[in-house]
Amino acid sequence: MKMTEIKKCSLQQQQEETENTQPQNSASASDKESEKEPRRIYDFELKLAAVTDFLEGGLTRREVVERYDIASISTFKKWLIAYRREGEQALAQKTCGRPVGAYGKNVMPADLFTLEHFLVQAENDRLVRKLKGHSTTER
């Protein structure tokens with residue numbers, strides 16, 4: 001994504017936000033909580049462009065935050081720290097949460113049947129060995 005595309009996207013988002021915002025004078029605390037803005041997700045190109053503009057372009061942190069429509073200066077500071085420690089790779093989107101297919105998710109019923117059969121067979125084998133051990137020691 002080029003710098004001009006990033007700026008256009010940012011400007012479009014700002015225009016949409018201002019159009020969609022309507023002042024509400026009598027909103028209760030629970031209404032404000034439910035209207036909370038969802039957590040923003042920034043792509044790698046925007047993060048890299050913002051950090052590069054700060055480090056090489058001579059912009060201040062506040063100018064970068066305003067130009068790229070970043071939620072807060074502290075968010076941008078985290079990107080800077082990560083970039084200085086680990087380079088560009090630190091700005092890439094990281095996966096989070098449980099991996100797909102973990103803990104039985106997306107496991108086919110046939111696979112579960114096979115697993116259950118295997119476990120039952122293993123338990124039977126263990127019990128047979130245990131019985132054989134008792135029968136030889138008692139005599």
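A helix here is a DSSP run of H or I at least four residues long, and helices are numbered from the N terminus. With that in hand, let's look around this predicted model.

**The largest pocket**
- About 440 Å³ of space sits in the largest pocket.
- Its lining is made up of 15 residues, and R39, R40, K47, W79 and Q93 are the ones closest to the pocket's centre.
- Which helix gives the largest share of that lining? Helix α5, covering residues 73-86, does, with 4 residues.
- Sort the lining by residue type and you get 8 nonpolar, 5 charged and 2 polar residues.
- As for finding spots like this, rolling a probe the size of a water molecule over the atoms shows where empty space is left.

**Helix α3**
- Helix α3 has 14 residues, and from its first C-alpha to its last it reaches 18 Å. That is close to the 20 Å expected at 1.5 Å a residue.
- Quite a list of α3 residues is buried: L46, K47, L48, A49, A50, V51, D53 and F54.
- Just after α3 comes G58, which takes a positive phi of about 75°.

- You'll find D53 in helix α3, which runs over residues 44-57.
- Is D53 buried or exposed? D53 counts as buried because its relative accessibility is 15%, and buried means under 20%.
- The D53 side chain also has a partner: it makes a polar contact with the side chain of Y68, at 2.4 Å.

Technical notes. Residues numbered from 1 in each chain as written. Predicted model: local features only at pLDDT ≥ 70, side-chain atom pairs only at ≥ 80, totals over all residues. Heavy atoms only, no water. Helix = DSSP H or I, 4+ residues; strand = E, 2+ residues; numbered from the N terminus. Buried < 20%, exposed > 50% of the residue type's maximum accessible area, 1.4 Å probe, protein only. Polar contact = N/O pair within 3.5 Å; in protein donor to acceptor, adjacent residues only side chain to side chain. 1 Å grid on protein atoms, 1.4 Å probe; cavity = no way out; pocket = protein on both sides within 12 Å on 5 of 7 lines; lining within 4 Å. Points joined across faces, edges and corners; volume = space filled by probe spheres on them. Nonpolar A, V, L, I, M, F, W, Y, C, P; charged D, E, K, R; others polar. Expected span 1.5 Å × (residues − 1).
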